[in-house]
Amino acid sequence: MLKEAGGDYAMIQVRTLPNRTLSARAQTDPLSQYGDLWQILYESALESGAEVLSGLDVTDIDPNNSSVTVSNGDVLTADLIIGADGPRGRGRRILLDQDQTEERMPKSFMTYQATIPTERMTRYPELDELTKGQISRTIRLIFAEGKVLHFFPINHGSAYCIQYCPNDDSFEGHWGDKQITRLSDVAGICEPKILRIAEIADPAIAVRMPDNIKLEHWVHDSQQFIVVGEAAHPFPPASQQGIAMAFEDAAVLGKLFGHLSSKDQIGNFLYAFEDIRQTRCYSSFQDDVALYRFLAMPPGPNQRERDARLKESTREEGKEEGLDAVEDTSMARKQWEEVKKVYAYDCEDEADEWWIQWGVLRQRAAERNEFYDKSSFGSREA
């Protein structure tokens, strides 16, 4: 899920397992590389008894017979196949073919990602304002008409990452493509410091979401196949919540299947997962796109109102001790409500709540039916 979600860096806080330690970089820098996360998950999977096959491509998935064919010709079978192979993977195509849906999510935006060694930036005094006092967890957000730019230090400040997001849908790109685009060729008219960054940055990779189709179902009709992460709900490149949603998917699925005592429960757990996760993921996607549109809106009355409210919010935060003192109609209060909706959510609590409300009842009903089937009363002829 992580690899297909794309990019090189993620703002993360990792809760490790007992006796698990992060690399020195991941311990001290919340903008960690995906390699650190892959290593944690890989080692944890091995310790839990998983068998990891490397160097093999999946050439076919048969969801009706719960089997996967790999490039050496082997056919692997299981009680359940989980498709976490990203927005361009076979898993998503299987569900798209099943649903034949035409419903679409809001249109995404293009992202160009590049890096600049810090040493190179220090050669240009006009860039001191962007780098002076910058700490590892700071992300600068620079926006203008039709474009948004994220600018933040990586690798303990030895380099900077630039994610340039213009309102451009001229072509598709993938995280695995070569970095051949010069930011200076696509930046357009910008403030001088931004143009300088574009000129000295390394070649960028250009990425765009492959489709914005809203899957109606993440569970195959066979109840033996499900898609998760970016295969189920692709997020815009450089989104605020895309990686978090993939992690939440894994946590909810793990919580639900922690109650598994019979193969007959698999279907119920899969549909429970879909019910718990769809609203959350699709809502977060819409929030990400809405934030981009809010920041990149064209000049006009709405843009002037936005700027005035942002200035008002800054003044209020400077005057008040806390958000409780800000009037409910202020922009700060609205922002706080959005923050609570995103970050006060606990996906594992949602899974626990489903189990208490529905899962336990279904399990008891199944046990009761099994008891009567095995009892003399249940087997007595009419």
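Strand E4 (residues 67–70) and strand E5 pair in the antiparallel sense over three bridges. Strands here are DSSP runs of E, at least two residues long, while helices are runs of H or I with at least four residues; both are numbered from the N terminus. Two strands count as paired if DSSP finds at least two bridges between them. Strands of a sheet pair through backbone hydrogen bonds, either parallel or antiparallel.

This is a predicted model: local features need pLDDT of at least 70, side-chain atom pairs count only at pLDDT 80 or more, and totals for chains, interfaces and linings use all residues. Residues are numbered from 1 along each chain as its sequence is written, and side-chain values use heavy atoms, leaving out hydrogens and water.

Now widen the view to the sheet. E3, E4 and E5 form an open sheet of three strands, in the order E3-E4-E5, with antiparallel pairing. Its edge strands are E3 (58–62) and E5 (75–77), and each pairs on one side only.

Next, the whole chain. The secondary structure comes to 14 helices and twelve strands. Of the 382 residues, 42% are buried (under 20% relative accessible area; exposed is over 50%, partly exposed in between; 1.4 Å probe, protein chains only). Contact means heavy atoms within 4.5 Å. Among contacts between residues at least 6 apart in sequence, 68% join residues at least 24 apart.

What lies inside? A nonpolar core is a set of buried Ala, Val, Leu, Ile, Met, Phe, Trp, Tyr and Cys residues joined through side-chain atoms within 4.5 Å. The largest nonpolar core has 40 residues, and Trp-218, Val-227, Leu-256 and Phe-273 touch the most other members. E4, helix H4 (90–99), strand E12 (225–227), helix H9 (242–257), helix H10 (266–295) and helix H13 (347–374) each supply at least two residues of this core. H10 gives the largest share, ten residues. Leaving aside neighbours within four places in sequence, Val-227 is in contact with residues including Gly-83, Leu-95, Trp-218 and Phe-273. A second, separate core of 22 residues includes Tyr-160, Tyr-164, Ala-201 and Ala-204.

Last, the cysteines. A disulfide is a covalent bond between the sulfur atoms of two cysteines. Here a pair counts when the sulfur atoms are within 2.5 Å. By this rule there are zero disulfides. Cys-347 is buried, with a relative accessible area of 9%. Cys-190 also counts as buried, because its relative accessibility is 19%.
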